[in-house]
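Please read the following briefing alongside the sequence and the three-dimensional structure. Its points are grouped by topic.

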Amino acid sequence: MPGASGERIAAAAGEQPPGQTAALLRVSGLLTAKRITLHAALLAVCLWSVYAINLATPGLRDRAGHIKGADFLHFYTAGRLLQQGRERELYNPPALAADQLALMPQSRGDYFVASYGPQVYLPFTLLARLSYGWAALTWALINCCIYFGCCYAIWRVCPELALKVGPFLLLAVGYPGFFNLIAFGQTSGPALLLFTLAFLALRRRHQLLAGIWLGSLIYKPQLGLAAAVIFLLAAEWKVILGAIAGAAAQILFAWAWFGSAVMGLYFHALLRTQAALPFIEPKLYEMHSLRGFWLLLTPWRNFATALYIVSALAVLLTALMCWRSRAPLSLRYSALLLASVLVAPHLMAYDLVILAPAFVLLAQWCLEHPGAPARPALQILLYLCYALPLLEPLAKLSHIQLSVIGFVALQGLLWRTTKQVQTGTGHGLPPTFARP
């Protein structure tokens, strides 16, 4: 885009100096479809080939000495316990560790704490019928189906991406959040599914159904914290009612299936979460939320907690203002997803998979509005936020999680963009108050 055109856009926005906008245009101009496709292909090949080589060893340990399937071993062990009718041992850490060692002697030194409700472990009783290797592979394939199914569902409602199938697939395959989901064998895939279903329901104005899907995040309550606060303060009562129904249905099902004794043990385990943090969060540099950012940055835990609360409130405020604006759902829901990541008290690299819909929706918005003043900065931040989680090893040394800084910057840009859309400067078009 010529520099003069960039200056006209800056003037329309009334916020960025022409020189600054021209610089953004030059940088964003480097992010051509061809170059992004090449970067995505290289990233996908590097990530998955290194992962395959790392797994190509006999036994339970990979070349780096880690357990193959990582956290899946915990779910596999829990599935075996439930299969044998020993539910009460699930929330007894010494008993759980003993069962894990009896099942997989090579796992000595790696221990887990059951922090999920018993209903989460119930589906793993089916996988526990298989050998560990086949069970881990099956779970990875299930997560792959969920992930690509969600990506496809969002892609279908993004017409501007219809002719960019190749880049879209490569970016989906190489996304670090997806890679970590498979590498860790975690349960964030269903959370992505629930967020995707909620978006599709909101798009069709089915607020009650959207609430049911979001309420079902009770199995990973930290991911639903931001949505609960935002919809409550925005007085979205249908969504709130649905969320209460979805959460209650899941808890009541677990209570009816497992009984009061097991649920009592689960709630007691939740009260012991603080003591279990060394097991749940052994590596702070793998966390990508505001709480992890401050804990990694400062050695004073109470000070870090205070900074987390203040910054989380600021993020929630900007997300609330985005949601209450008259901007398109794609912008508002992306702000909600970013807030869900930033505000979550406990969020690891594999949980970043829930941001996949935001990347797709924001890419669609950029293509729909080539003259928007926010587009150059949005393109740059999307590129950075996609790749910055790969710099975890650097965070271990620098004690600065760059991905969190990128997410905060993107959230701030979305807040500013929603304001521009309301005044008619966000699209480079006359004011529009439609909220599709």
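Is Lys220 buried or exposed? Lys220 is buried, with a relative accessible area of 2%; buried stands for under 20% relative accessible area, exposed for over 50%, and partly exposed for what lies in between, with a 1.4 Å probe and protein chains only. The model is a predicted one, in which local features need pLDDT of at least 70 and side-chain atom pairs count only at pLDDT 80 or more, while totals for chains, interfaces and linings use all residues. Residues are numbered from 1 along each chain as its sequence is written, and side-chain values use heavy atoms, with hydrogens and water left out.

**Salt bridges**

- The whole structure holds 3 salt bridges, a salt bridge being a side-chain nitrogen of Lys or Arg within 4 Å of a carboxyl oxygen of Asp or Glu.
- Lys220 and Asp351 form one of them, with a distance of 3.3 Å from N to O.
- Lys220 lies in the loop between α12 and α13, and Asp351 in the loop between α18 (329–343) and α19 (356–368), so this pair ties together parts that are 131 residues apart in sequence. Helices are DSSP runs (H or I, at least four residues), numbered from the N terminus.
- Asp351 is buried, at a relative accessible area of 0%.
- Arg86 is bridged to Glu89, where the closest N and O atoms are 2.9 Å apart.
- Arg86 also forms a salt bridge with Asp99, the closest N and O atoms being 2.8 Å apart.
- Because Arg86 is in the loop between α4 (72–83) and α5 (93–103) while Asp99 is in helix α5, the pair ties together parts that are 13 residues apart in sequence.

**Cysteines**

- The number of disulfides is 0, where a disulfide is a pair of cysteine sulfur atoms within 2.5 Å.
- For Cys150, the closest cysteine sulfur is that of Cys151, and the 7.1 Å between them is too far for a bond.
- Cys150 is buried, with 4% relative accessibility.
- Cys322 is likewise in no disulfide, as the nearest cysteine sulfur, in Cys385, is 14 Å away.
- Cys322 counts as buried, with a relative accessibility of 0%.

**Serine and threonine side chains**

- Ser325 is placed in the loop between α17 (301–324) and α18, and is buried with a relative accessible area of 4%.
- A polar atom of the Ser325 side chain lies 2.6 Å from the backbone oxygen of Cys322. This is a polar contact, meaning a pair of N or O atoms within 3.5 Å; within protein, one must be able to donate a hydrogen and the other to accept it, and residues adjacent in sequence count only if both atoms are side-chain atoms.
- The side chain of Ser325 also reaches the backbone nitrogen of Ala327, at 3.3 Å.
- Ser216 is found in the loop between α12 (207–215) and α13 (221–233), where Ser216 is buried at 15% relative accessibility.
- The side chain of Ser216 has a polar atom 2.9 Å from the backbone oxygen of Ile212.
- Apart from neighbours within four places in sequence, Ser216 is in contact (heavy atoms within 4.5 Å) with Leu194, Gly246, Ala247 and Gln250.
- The C-alpha atoms of Ser216 and Leu342 are 20 Å from each other, and the two residues are 126 residues apart along the chain.
- Thr37 belongs to helix α3 (residues 33–55), and the side chain of Thr37 reaches the backbone oxygen of Ala33 at 2.6 Å.
- Leaving out residues up to four places away in sequence, Thr37 touches Pro167 and Leu170.

**Surface patch**

- Leu297, Leu391, Leu394, Ile400, Leu402 and Ile405 make up a nonpolar surface patch with about 440 Å² of accessible area together.
- Patches consist of residues with over 30% relative accessible area and no salt bridge, with like charges joined within 9 Å and nonpolar side chains (Val, Leu, Ile, Met, Phe, Trp, Tyr) within 5 Å.
- Accessible areas come from the Shrake-Rupley method with a 1.4 Å probe, and for residues only the protein chains shown count as cover.
- Ile405 sits in helix α22 (residues 402–423) and is partly exposed, with a relative accessible area of 42%.

Notes
Helix = DSSP H or I, 4+ residues; strand = E, 2+ residues; numbered from the N terminus.
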